[in-house]
Amino acid sequence: MDSNKKYWKGLEELNKTPEFVEKNKHEFAEPIPIEDVLSGDGLLGKTPRRDFLKAVGFGVGAVTLAACQKVPVHKSIPYLIKPEEVTPGVANYYSSTYEGHAILVKTREGRPIKVEGNPNDLLAKGGLSAQAQSSVLDLYDVSRVQAPLVNGEGKAWNEVDDYVKLELAKIQDSGKKIAIISSSISSPSTLAVIADFITAHPTAKHIMYDAVSYTGIIQANQNSFGKAVLPHYNFDKADVIVSFGADFLSTWISGEEFTRQYVSNRNNKSLQSKKMSRHIQFETGMSLTGTNADVRIPLKPSEEGVALINLYNAITGTTLPGTKKLADNAANNAITIAAKELAAAKGKALVVAGSNDVATQTLVNAINAALGSYGTTIDLDNNSNQYKGNDADLAAFIGDAKKGDIAAVLFLDANPVYDYYNTKEITEALAKVPLKISFNTSLDETAALATVVAPNHHYLESWGDDSAIAGYYTVMQPTINPVYNTRQAEESLLIWSSSATKTYYDYVRNNWDKNILAMGGLSGQKGWETLLQTGFVHVAAKTAGAYSFSKDLNAVAQTILTQSTSLVAGDKAYELHLYQSSAIRDGKHANNPWLQELPDPVSKVTWDNFAAMSLTDLKALNLQEGDVITIDANGTSIALPVLLQPGQAEGTISVAVGYGRAKGGAVIESGIGKNAYPLYSFRNGTVQGSAVAKISATGDQIILAQTQTHHSYEGRNVIRDASFTEYKKNPYVNSGKDGEHKDYKSLWENYDRPTYNWVMAIDLNACTGCGACVVACNAENNVPVVGRDEVRRRREMHWIRIDRYYTFNDEQGKGVTEEHEIDKLKNINNVSVVHQPMLCQHCDHAPCETVCPVLATVHSSEGLNHMAYNRCVGTRYCANNCPFKVRRFNWFNYWNDSRFENYLAEQHTQLVLNPDVVTRFRGVMEKCSMCIQRIQAGKLQAKMEKRPVKDGDIKVACQQTCSANAIVFGNGNDPESEVSKALRSERTYYVLEELNVQPGIGYQVKVRNTNELEA
């Protein structure tokens, strides 16, 4: 049975706008500029090879010196193997940690070039985020502060130490306060160093704050249960999940861990046992989590509190103040049914909210307590350490600084001048603090105001540890000597405390020997070496306790109602919703070009933030996508282009934070987006991301670098989905098979693959669309970054893309037209979404191979489509004949052209490039190679060990980083391989199977647990 749904990437495709038709009707999106080539001003123009360093600032000299020394420094132990010294051509792997995740760092000739998840990591089981994958790029950024500064002048470290010690002694004599301001710290050793510093300087206080705060949850748990902690959530134990604005599959607390948990109840294994969790999402803007929900209900920020009150009433049978119907009957119906389903799943239910309001989170606690969630889906005893910030503490510091009570402030991984909601207030406060010290790695907005800049190491140069969850400890070890003249912040604190421990390595080692190693059954030198090889220690978890809720909710409900009323937008006003984008998040890593060019999973916008609005609101305001509007809220304003976002709650605007950085690197200082942090407000003791905003059109327009319709299938259906009820009745539903094999006639002969047949399976029910695979592929295969202007020209180079499709039942097959405007406006604000990874399908009957005049693309005896770059003459016939549109043309010599703003020029590639993959040059095609270098390495390793290749020996980059395990790769000739089992699933189908190109990648039908609510 085939699906009757229509899928579309954007409204221009749905409605076949003239611009869309024009761009897609020709053989190629744009011709090669022959005139420019012949004149010598275009593709053949000469460019100085070294100029790029001046423009962007990534350098090679210092790193070369660091990498040439014995790596890693003294007592580091590689993962699994212990080479006597670096062997050219052979990679070494070292265990380390990134934000509490155990990771493996690949080094070549002493240079870290790739980060992978540790397969034994407790949190994500080898999965890794796009941010972790891209972190190796930051190591080589010459925008980093390269030496210590005092009053803007370079100094030696001993001079810095003498200056700081003298100033701290004066402050101690005066009795004035010292503040250490940091983002949340979960490292046991770092916290111990700070405690020792406070012991040496008794007037010091440690203040933790987070750019995107979780104070509301922490304080609500203190008020509700007497435990000021962030819980550890277990989505894998929940049969019913209801979320109010929490993007838990992406940016909320621990996205990679929650993704693994969430998918375990929705993947192939779960479906085969006829089990699937239920997920209902209430939210304002379309989030990554919302796109994966079974049912998604658009909700204004002012309605969230009322909806939670109604949900509590429906579950408990009580009536709290503020009980009233929502304006949307669909939302009221969803609340009623969600309450019934949650109550039916008592003990296996979970309600979460993204709000930072204490009262709102207190009500969520009451709901979860009524559902018996504590001790099962919520764990307060084995709590998360990932966020500990307290908004009130930072507000108190500003007050003290303004009064002149603060004599010194030290900033560790914190940039409040950029990401605090009131930049003017904190800047004025810092002006009254005599001694300001920044440990930040770049000269960011806060470091630019510092008296002393004592630059910290990059984490790949550092010793350390972490504990993201109570009882789980990971270790950090350096994989390269310091690239620049930097020093670990912890070591600086030890020196300034006159500690007897002179190096931070000794401090970490002593701390583990005394307090942590024994918990993992380890001790002594052998135990330490074992730790450095495994990367972590996991102490047996405490038994999660059940917690009862006894707080009076009448006052809580009244507070929620008052706040909801204050958010109701008046005439010509809108409700503002601030959020983190999946790639840039809080802006800390905004200088990373891999992240900037990663398309947003929902909007598919790169290199910018924007104001997302509904089609209804845009039409009412007579605005077009790209028109610039001014948003006024909380006494400040920013100007952003508008973007039409299907699924956006009417009467609301969503804006991503993390953009608009003024300092911190050449990438961000070129002007990327606008800073939305000043639109936050401080209410009820916490910083909150909702407000009433007024907007006005400026008359300007900005073309967003958006990839969503760059690769069109001319209306052919490539997505198949079904409801869970349909699937249970017929497992073959919408797979196109119905238990039978379709015999298509072929123009090509079939060939045997006696040993290996490399194939792939992708489960659309597991893929969340996060994009980590895109960045992993970039890092593994030396994929260039092309910049905003080139993306606008449809020239992005990613080998794998995540296509995002909207859908609603559209029997007439029409788009948004005047005849049924009202009906379609309603539908387009209530769409569902499917994400589909798309890469070279390595077709057995590949149409690209038959049209290449020079045999640059050929098929191997192992089922792969190969590219011979030296043969390619750039006709682009292969790209035109590819029905999947997965081939990329090198318009420029990206690695050696300073006129081209790609941020990865020749100086940089010497450092982070994978030497096992050749860089491509101007005028040739490229595409996914299925990580042929990894396949060859796996076969060679098996040959050296005199054994056949085992299933799992070879993992491609996209597969390895996927937290959801949505991608499976292997030998199709092995019937017991994981990929063979996956491809035998009744849900498996092949994209554009009717063309009979016989793709080597099978997809599995998307299944949603939707029917009960729709009924």
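Modeller: The model is a predicted one, in which local features need pLDDT of at least 70 and side-chain atom pairs count only at pLDDT 80 or more, whereas totals for chains, interfaces and linings use all residues. Residues are numbered from 1 along each chain as its sequence is written, and side-chain values use heavy atoms, with hydrogens and water left out.

Biologist: Does Cys928 count as buried or exposed?

Modeller: Buried means under 20% relative accessible area, exposed means over 50%, and partly exposed is in between, with a 1.4 Å probe and protein chains only. The relative accessibility of Cys928 is 8%, so Cys928 counts as buried.

Biologist: What percentage of the residues in the chain is buried?

Modeller: The secondary structure comes to 35 helices and 42 strands; helices (H or I, at least four residues) and strands (E, at least two) are DSSP runs, numbered from the N terminus. Of the 1015 residues in the chain, the buried ones make up 63%.

Biologist: Are helices H13 and H22 roughly parallel or roughly antiparallel?

Modeller: Axes are lines fitted to C-alpha atoms, for helices over the stretch in contact, and angles run from 0 to 180 degrees between N-to-C directions. Angles under 35 degrees count as roughly parallel, over 145 as roughly antiparallel, 65 to 115 as roughly perpendicular and the rest as oblique. H13 (residues 301-316) and H22 (residues 553-567) pack at about 150 degrees, with their axes 7 Å apart. H13 is therefore, relative to H22, roughly antiparallel.

Biologist: Which residues of H22 make the contact with H13?

Modeller: Contact means heavy atoms within 4.5 Å. On the side of H13, the contact is made by Pro301, Ser302, Gly305, Val306, Ile309 and Tyr312. On the side of H22, the residues are Leu553, Ala557, Ile560, Ser564 and Leu567.

Biologist: How are H13 and H15 arranged, roughly parallel or roughly antiparallel?

Modeller: Helix H15 covers residues 358-370, and its axis is 10 Å from that of H13. The angle between H13 and H15 is about 20 degrees. H13 and H15 are therefore roughly parallel.

Biologist: Which residues does Lys346 contact, leaving aside its neighbours within four places in sequence?

Modeller: Lys346 is found in the loop between helix H14 (329-344) and strand S13 (349-353), and at 57% relative accessibility it counts as exposed. The C-alpha atoms of Lys346 and Ala370 are 8.4 Å apart, although 24 residues separate them in sequence. The residues in contact with Lys346 are Ala370, Leu371 and Gly372.

Biologist: Which residues does Leu995 touch, not counting those up to four places away in sequence?

Modeller: Leu995 lies in the loop between strand S40 (988-989) and strand S41 (1001-1004). Its relative accessibility is 34%, so Leu995 counts as partly exposed. The residues touched by Leu995 are Arg716 and Pro883.
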